[in-house]
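Here is a short report for a reader new to this structure. Look over the sequence and the model before reading on.

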Amino acid sequence: MGIRDDQLLPRTLDLMILQSVEAGPLHGYAIMEAIWSRSGELFRVEEGALYPALHRLQLKGWLGAEWGLSEANRRAKYYRLMAAGRKQLARERAQWQRLVLGMARMLKPS
Amino acid sequence: MNLFLRLRGLFTRRDLEADLETELAHHLEMKRRDLEREGLTPDAARSASHRAVGNTTRWKEQTREIWSFRYLESLFSDASYAFRMLRKDRIFAVVGLTTLALGIGATTAIFSLVNGLFLRPLPVERPLELVRLVLTNLPPTERQWVNGRAVRPKERMTIPFPMYEALGRRQQVFAGMFGSGGGGSMHIELNGVPMRLRVSVVTGSFFPLMGVQPQRGRLLEDSDDVPGGPPSGWPAVISDSMWTRMFSRSPQTVGASISIERAPFAIAGIAPPSFKGTDPGTETDIWIPLSSLESMFPWKWRTDRSFGMMLPRARLKTGITMEQAAQHLAAIAPAVLEDAKDPAMPAPDQKHFLAMKIEPRDLRGTNDRGRLVRRGAVDLACRSRGRFIDRRNKPDQPVPG
């Protein structure tokens, strides 16, 4: 299935977010940190892109949101992976791995 | 399904704003702590974190937009819920609607009465008989410029003088026609002092047909509106406000000389207080006869068939209604337009020209009446039973029906 160029970046961001909360709920700041550290400091997400994406995923039903008390001793919104989100994560991960495999084959020096 | 209901019940607009603020505040706080841990002083950390997070307005906007789609969905579902509930309880529906109808009707009636009596008084005789005439069904190439953008207008307020005359010859429903040739800001000299004032150039029938009475002296009449002017010279009528401002209400004003666009006039009289003329949107200072234009400008407006210079008005004959006048005007319009057309106009343009319509309108202006009634109706509607809005507070109940 083809992926349009303008779709690539938002789709990857969604995937990264879903992956970050697979192990458990995190708040927005922690998700940002998680993406930074787990990608080996390759991908940085800015707040301006992160929060709209979080809300969008929440609207789609892939993330659920709850208020909780964070380590800063303040109210924070925690995002958690929902069942539908878990399914979406698996789907997108598979798609992504296929993409990577295909590109790796393409780019191998012949 | 339950998840969606919970999400829907979770946020109202106020809550969303507060939530976004809280989320942002938390983010800033976390950033600040990190920076402090990296060694910055508390103050430096605070300002650095603000700078790092940057312009928050945009992401708040985007987030708000995401949620706004959801508001629309819940609006539709609320509306369908309301209809379902109404269908179940017919009696309530009937009572509710009747109450609304009575309330709206009462409000309209009161408003009409008050509007007629107080809101737009014209110090003229039987103001309800006065109408202004407009051209509609305009040629498709006609354009107006509104706020710098070209638009296709629905009606024209001005007509060329030959058309005004043609209409005057053929109409049967008016006690008389009058009008202003526009006018505008003109160069005045009073006792050698130059200034610019708002002048209205009107037909001789203007004051007589409106039934205005002068405060002092006399007002313009038909014998003033002749080429070359009356034997005593061109008369002018000034407004009450101008009399106060320029003459300090001196009794010597009537008979004083005044020069308008370098043509000599004599002040013949003063209009009553609160009479501001009928030109849309402006207060007139001086009224002068239409024919005096010839003394000021060389332009042949009497025979100019293309320039819309007249703002035509009329007084309905006693007993004639607006509807009857409208029908009559529709009937005579083709003949009037045929008389008034410019023979030099190319044939396709002529066809559009002859297809125009002439319609009467209320002289007192635009749809204030409609707007106020609508506002009142909305107010009444909002005061109806809280039953329709209960559901907001019980998001977890299954949708009834």
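A residue counts as buried if 20 or more other C-beta atoms lie within 10 Å of its own. The model described here is predicted.

## Chain A in outline

Chain A holds four helices and three strands. Along the sequence they follow the pattern α-β-α-α-β-β-α. A helix therefore stands at each end of the pattern, if helices are written α and strands β.

Chain A has 110 residues, and 31% of them count as buried. Take the contacts in chain A between residues at least 6 apart in sequence. Of these, 47% join residues at least 24 apart.

## Where chain B touches chain A

How many residues of chain B are in contact with chain A? The count is 17, and they meet 17 residues of chain A. Two helices of chain B, H2 (13–37) and H4 (56–88), each supply at least two residues of this side. H2(B) gives the most, with eight residues.

Six of its residues are nonpolar, five are polar and six are charged.

## Helix H10 of chain B

Helix H10 of chain B covers residues 322–340. Where does this helix kink? The kink lies at B:Ile332, shortly before the proline B:Pro334. Its angle is about 45°.

Several residues of H10(B) are buried: B:Ala325, B:Leu329, B:Ala333, B:Val336 and B:Leu337. What do the buried residues of H10(B) pack against? Their partners in chain B include two helices, H6 (161–170) and H11 (347–354). Strands E1 (130–136), E13 (311–316) and E14 (357–362) of chain B are partners too.

## H6 against H10 in chain B

The axes of H6(B) and H10(B) come within 9 Å. They cross at roughly 140°. Angles over 145 degrees would count as roughly antiparallel. H6(B) and H10(B) are therefore oblique to each other. Their crossing is right-handed.

Which residues meet here? From H6(B) come B:Pro162, B:Met163, B:Ala166, B:Leu167 and B:Arg170. From H10(B) come B:Ile332, B:Ala335, B:Val336, B:Asp339 and B:Ala340. By class, this contact has eight nonpolar residues, no polar ones and two charged ones.

Two residues of H10(B) link this contact to the points above. B:Ile332 is where the helix kinks, and it meets H6(B). B:Val336 is buried, and it also meets H6(B).

Terms used:
Residues are numbered from 1 along each chain as its sequence is written. Chains are lettered from A and ligands numbered from 1 in the order in which they are written. This is a predicted model: local features need pLDDT of at least 70, side-chain atom pairs count only at pLDDT 80 or more; totals for chains, interfaces and linings use all residues. Two residues are in contact if their C-beta atoms, placed from the backbone, lie within 7 Å. Ala, Val, Leu, Ile, Met, Phe, Trp, Tyr, Cys and Pro count as nonpolar, Asp, Glu, Lys and Arg as charged, and the others, Gly among them, as polar. The bend at a residue is the angle between axes fitted to the seven residues ending there and the seven starting there. A residue is buried if 20 or more other C-beta atoms lie within 10 Å of its own, exposed if 12 or fewer, and partly exposed in between; C-beta atoms are placed from the backbone. Axes are lines fitted to C-alpha atoms, for helices over the stretch in contact, and angles run from 0 to 180 degrees between N-to-C directions. Angles under 35 degrees count as roughly parallel, over 145 as roughly antiparallel, 65 to 115 as roughly perpendicular and the rest as oblique. A crossing is left-handed if the near helix is turned anticlockwise from the far one by less than a right angle, and right-handed if clockwise.
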